[in-house]
Amino acid sequence: MKKNIFSLLFIFIFSIPLFPGEKLDLMESIIKNYAQFNSISGSIEQHIFNPDGSYHRLSGDYAASGSGLLRIDYYSPSRQTVVSNSEGLFWYYPDRDILFVSKSGSSKNESLPAFIKRISEKGGDNISLKYEGRFFYGFFRRAHVYRINLKNKTGIRVWVEPEGRYILRKYVLDSAGREIVKELYSDYIESDGIYIPSVIELHVRTASGTVRTLTEYTNLRVNNVIKDSLFDFRIKSSMDVRSLDDN
Amino acid sequence: MTIRFILNIIICASLIFIYAVTLDAVELKEVKYYGYSGVVDLKDIYFPADQEITDETAKRISAEITRKYHERGYRAFYIERVLVKSDGVVEFYFNESAVSHVIVSGLPGNESDRIKGELLKKGEPYNEEILKKNITALKSNYGYSNIHVNVEREADGRILLRAEIVKRRKRLNFSVQGDAIYGTIPHVSWQGDYEWGNLIFGFYSSFNQRSADISGISLFIDFPLSVSTGVLTGFNSQWRSDYYDETGIFSDRSIFPEIALYSMSGLLGRAVVAKGEYYRLYDYPESEDGIEYSGFSGLRFFYNDRGYRIDRRDERNVNFEIIAGKNSLEDGLQIRIESDLLLPFRLSRRGDLVLKNSFFLTSEKERLFQRYVFNYQLPGRSDDYLTSDFRNSSGVEIPLEIYPSLLYIGPLFYYGIFRVEGRGYESSRSAGLFISVAPQGISLNFAYVYDISWDMKDGVFLFSMSGAF
């Protein structure tokens, strides 16, 4: 179970709410929009539905910066602190003084907008961006759909709202075209022209079946001042440090 | 004086580390890593504070680097040699044990090619942890029952992976469906996957209906010819008692052989099909000697993304077939067109709208080759045994998700138009409520449907259940 939560939140963290596209120029305008985004904070509530029928609910406070830094302080069902910064991902259980660490490379922590921006700027060699056309979502509305092909033949498909204001869905596909991850964004709030989803539904294939989560954000504040030190994490000698990758 | 010699041989998890170092301490000027790809962060490797390095410190540092690699799963990593040069340059020569080849056996060629890159990629440093995770993912995503991987070291230090994959050879599918004509029909099928193709054997037999019943067996084999082509062939054989009209009963023993040469473009397939029907009829008024047959050939187009979708509510299915041929009861060339469509749309976070359509058209006037009007989509009249040469039913189901990925409830509406010999075109409308329960691997569907175009307003209880083991 813990393994599922870890892997889920890992995916969740690195693909968090964010962002957009349209034909390639539309994509650019969306990137510009999101370039105005410096920080976001609020409350978070996550519902995790496991393939074995078990259910977990977590709630706490959430803060993220436009550069991809993130912190979640869970209060329920137990105190947990999650920090993602340039050094990796730190998951700390204060009550038990146990720390799980994943020192991933910085590119792995790249947020979706930063990723889209990089491929639109550098494009070409290892990654390609393709506009696939307009597809129905809902019954009468049609979304712009983009596909980002990666060198390892996996891909990311992004559905963008007809007017190009925000991302509706994101799929991660394996080399055979199977959906590995599906994310649905909804209940957008607007702040200075930036649309931020306050509800994210996530489906992830795992070895034990498809895990599903629903994440709800409330009291969202955009571009308020958040100190960089909030995203620091210092490992103390008293902590029982374990590798997150082993769990 | 510098003496080069092999200092040590350490055996650790079948790995051999060979160090060639100097004996003299030199002042450290620079450290160089050769063969280092950066997969493991070595920034925190500690070099002597006094900036002097000896063979002993070089050995310790080599062991520390190796330990870091092994901790990260790169357990085939070793350091080929370390040179401590008199000018203060220390050179570490790494062998990260890149994967040279991945050889997959146990699968058809096209599937092997696809799987290779999903174990470990050629040129990628061998990582045992990543390999384990990829094996687990492959089993989960493709249903392989076992994957054995032999890791061999080649002369140049690279790693050769030999993967033997065992597909899930036994898959038992079970379903039960309520049918307006034949009653309750349980259906069991067994599917076996082999290197040469897939085999599906099925059996079904109805019960709890007084006059009409149906039983049968089917055997189909799918032979892949290339990455995107194959041949599907087999037969369905059935024996039944059925209605000739509302009072007359006939029975038959029949076999329906079929062969299709198909080609896939992604998930879209097209096939050239040839199919036949052979009937041994009893008490069928139109047949003089009780033996009738037909032969048809034509084209089939199909799209089904089941298995590719992570959420079953997104699964789409389209089938279209047009065939032409002859039957023994009628003169002239006959044509049959048949299609099915299932298209889901997301309305809200918890609500979907699913469009369904079923279409059948034949130029044949003989009842034996026509279709029953009332089926799941037009279920209103359980005691009406009309057959039709034209039937089109369209409907919409609106499932509301009550519990995520488990329980769905919603209304359904269907409208059908059909043509009956001697009566012309008629229509039927039905509405009802359905409940769907879908724990992993099993699907239970119940519906209570009224024929709202019929005065009696009789409700019909429909059910189906399916599971895979």
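**Chain B against chain A**

I began with polar contacts between chain B and chain A in this predicted model, and across that interface I found 8 residue pairs in polar contact, both residues at pLDDT 80 or more. I then listed the elements of chain B behind this side: helix H2 (109-119), helix H3 (128-142), strand S20 (334-346), strand S21 (352-362) and strand S25 (400-403) each supply at least two residues that touch chain A, and H3(B) gives the largest share, 5 residues. Sorting the side of chain B by class, I got 12 charged, 9 nonpolar and 6 polar residues.

I next counted salt bridges between the two chains and noted 8, one of them joining the side chains of B:Asp311 and A:Lys182 at 3.2 Å, N to O.

For extent, I noted 27 residues of chain B and 39 residues of chain A in the contact, with about 2700 Å² buried, 46% of it from carbon and sulfur atoms. On the chain B side, B:Tyr308, B:Ile310 and B:Arg349 supply 28% of the buried area, more than any other three residues.

**Domain 1 against domain 2, within chain B**

I took the domain assignment of chain B, which gives domain 1 (7-95), domain 2 (99-166) and domain 3 (170-468). Between domain 1 and domain 2 of chain B I read about 750 Å² buried, 47% of it on carbon and sulfur atoms, and in domain 1 the residues that lose the most area to domain 2 are B:Tyr74, B:Arg75 and B:Ala76, together 54% of what that side buries.

Key: Residues numbered from 1 in each chain as written. Chains lettered and ligands numbered in written order. Predicted model: local features only at pLDDT ≥ 70, side-chain atom pairs only at ≥ 80, totals over all residues. Heavy atoms only, no water. Domains from an automatic or database assignment. Buried area = accessible area lost by both parts, 1.4 Å probe. Contact = heavy atoms within 4.5 Å. Salt bridge = Lys/Arg side-chain N within 4 Å of Asp/Glu carboxyl O. Polar contact = N/O pair within 3.5 Å; in protein donor to acceptor, adjacent residues only side chain to side chain. Helix = DSSP H or I, 4+ residues; strand = E, 2+ residues; numbered from the N terminus. Nonpolar A, V, L, I, M, F, W, Y, C, P; charged D, E, K, R; others polar.
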